[in-house]
Structures are given as structure tokens and as C-alpha cells.
Amino acid sequence: MARSGLADAARVARWADSALGPGRGSATADGKATLSDATAAHAARELGLPVAKVRADWDTARLAGLVEVHGGTARPGWRLRAWNRDDSAVLRGWVALFDAWSLAHPEPAGHEPGAVAEVVSAMPQVLSFLQLSAGPVPVAQLLDLLEQRVTELRTERCEVPYGPRLEPGTPGAEPDPAPAADTALAPLLDWALHALAAVGALTCGDGQATLTPLGSWAVWVKLEQICVAAQSPAGNIEQSAEGMLRGCGRLRPNAARAEYRAWLAARPVGSAVAELLGAARGEDALLRGLAFEALRVVGAPAEPDVRGVLDEPTLRPYALLWLAEHDGADPEDAHEVLTRPEATWLWVDTAAAVADHGEAPLLVRHLESAVQATVPALLDEVRAVGHPRTVQVLVALAAAHPDPALAKAVRRAAFQVHTGGS
């Protein structure tokens, strides 16, 4: 259903991807993230569509993330790139359109903006009722629910009155908030239902409304996200990415993943991914590793941003492993995508995390994970990669290792790195 509903938008987005670009024209010659007249006419000719249809499909593609707007330009989104191979990209695109139903089909003229905003705010409760009903619901019943919810919203805004308040009925007392029905919500409910029907979330007819299977699934997902967010096991949902990751550093892997899911459910995917990568760029190696564990929970939507950090030496090994696993590699074999220097750099970075947050026996056992067959070979290559924490890692390893000879060799290597000797 999602593929079918977005097929026209995907067609226009693919056309723009192939027909436009550097040296071939611009979709936004007018400096806006909308199709210019010339481009819309060009697309209409090549696709055999009316210009109005091209513009409508382009707007749908923008709302669904098939086209991404950056300043005054637009470019293909990751969902378009993943369209043929990733069903989740298609579903996420449809959910983005579903979330933007009031933008996809603006309200008719002549209504108070405040009333429109109240209806948009109240519709999630109406949709939840439709989902729980699991069948046709009379529009009159939905109107009653909408009026109740809008009245609640108005009451919430007035729940702490400013200054003294006289009892109702006394001279000079302010009247109680007007019931929602006084604003004639029926036309706005009709608009909302037909707008949601236009994006494929429900059907309307014979005075009843019914969620489509796709709409029911989307509402269920939203309710599940709310429940997940409300059940943040460690209470880090309101923290920044760095604060949340620090809290997860003390949790077992399964509990940490539950915390990642709760934290992510409460945020837009794009900003959450950017915040996680920002935390990964810090000096704490533990947060770097945990940030990419959280990005594994994000999955496909994080792919463009993860690919975008491949040129950053600090993040490159983590990003390569993430991408290898995302492309289907077994986690135990994913390290094969790393060059020897990249694997060594990652070994030092992980050792820094263990030295800062773990216990001495863990650091000793970390030696076994090195790709080098011998400790002298490891030390030679560790010195060569130039990790900024090399000296501290080697000093900590020398202090922790029970073998005096090996500890002495590691201390010598740390001294050589510190002094720049060989």
C-alpha cells in the first residue's frame, strides 16, 4: 500500500534525479525548494502528465523524504536511493507523509488559524480511537470526540488563570471557556478526514470513517513509540545524546538497547542521528563505541550520515564496521573491511575506553583481540597509527599486565611514543 500510494511521487523524484543536476538544469531555478515553471513544464512533457499533477507529486515527494530540501536547493533523499531494496525506507516515507497530512492537503479558506491548529492537535486522539475501534466509526461519534478533545485543549491553556478569579455567576466574573462546538468543528473534521483519506490513512463514506490497514499500522506504531518512550528503563530519555550514552555505559547490552530505543522514539530521526555523531566526535572513546551501537538501533535512516563521516579518521573505523553490518555482513566478520592501520587505530581507541571506564583485567584481555600475532608487532603498529591516546593506553596496559617482561616492553614503547624516539 505504501509503495502504491507513493508511486507517483517516486516517479517524479526519479525523473528529477536523472534529468536535473549540475550542468543539466536545476529544479529550483527560482531559488526556492519548489519546482520552477520551466522545470515543471519539462517534467510534464517527458512524463506525459499535467503540470498541476507534476507539482502535486513533487510536493508529496518532498513531504515523504524522497526529495530532501537543503536551503534553496533539493536533492534525492536516502529513501529514494533505498526504494527498491529496503521496505522500511518506503514505510518511513509514507509515515512522514502521514505525519504531514495537514500540509499535504491544506485546510479550506475561511477558518480561524487557531481552530485549525486545535483540530490538528486533537486528531491523534481521534485516530487512536479509530485504531482501537478496529472498524467503521460514525463521523458523528468522531465529531463528539473531537469537540471533547478541543475543549480539553482550551481548558488546559486556561488552567492557571492570571490574577484573582471571581466565582462564576458573580458580577464581573469571566465566562467559562466556550464549548468547542461553538466554533463549528464539523467542517474542519470533514477536511481532516478527507485529507487523511487522500494520503491513504483512512476511508470515508456513508457517514463513517475506517482506518486502512496502513493507517491502522501507522497509528499502532505511534502508540508503541509513546509507550516505549514512557518506559525508559534508566530514565535518560530527557538527556542529551552524551548524557544518555554515559548512562548506558553502566547497563548490560540488552538494557542499553532498550534505552537507545526509548531515547530515539522521543526524537526526530535526523536530529537524533546528528546528535549521536556529535557525541561520537568527543574525546571519550567509550561514548564513540556506544554512539555507533545506538546508530545500529536506528538502522537504515542513519546510513547517509554514517557514510558522511568516512573521511573523519576518528570515526572512520566505526563507520566502516557499521556499514558492513548494515549491508549484511556477519558482525564477527565485519572487521575484514578495515585496513590493518584502521584495525589498529580501533584497537587503541577501544583500549582507551577500557582504560578510562573498565578494570585492569579487561585491558589485559583486550590484548587478545589485536590483529597482530605478537605483542612486539602490535606495539610497532600502535606507534605507527598515531592515536592521540597511545601513551596513556600503553602506560595503563603496562601497569595492568602481570608479566613483568611484557609490561617492561610496553612501558618502553610508551616512552618512545612520548619522546618521539624509535
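Let's start with arginine 149, which sits in helix α8; helices here are DSSP runs (H or I, at least four residues), strands are E runs of at least two, and both are numbered from the N terminus. This is a predicted model, where local features need pLDDT of at least 70 and side-chain atom pairs count only at pLDDT 80 or more, while totals for chains, interfaces and linings use all residues. Residues are numbered from 1 along each chain as its sequence is written, and side-chain values use heavy atoms, leaving out hydrogens and water.

Is arginine 149 buried or exposed? Arginine 149 counts as buried because its relative accessibility is 18% (buried is under 20% relative accessible area, exposed over 50%, partly exposed in between, with a 1.4 Å probe and protein chains only). Leaving aside residues up to four places away in sequence, arginine 149 touches Ala122, Gln125 and Glu156 (contact: heavy atoms within 4.5 Å).

Its side chain also makes these polar contacts (N or O atoms within 3.5 Å, one able to donate a hydrogen and the other to accept it; residues adjacent in sequence count only if both atoms are side-chain atoms):

| Side-chain pair | Distance |
|---|---|
| arginine 149 and glutamine 125 | 3.3 Å |
| arginine 149 and glutamate 152 | 3.0 Å |

Elsewhere, α2 (residues 37-47) packs with α3 (residues 51-63), their axes 9 Å apart. Among the residues making that contact are Ala40 of α2 and Val54 of α3.

Notes: Axes fitted to C-alpha atoms, helices over the stretch in contact; angles between N-to-C directions.
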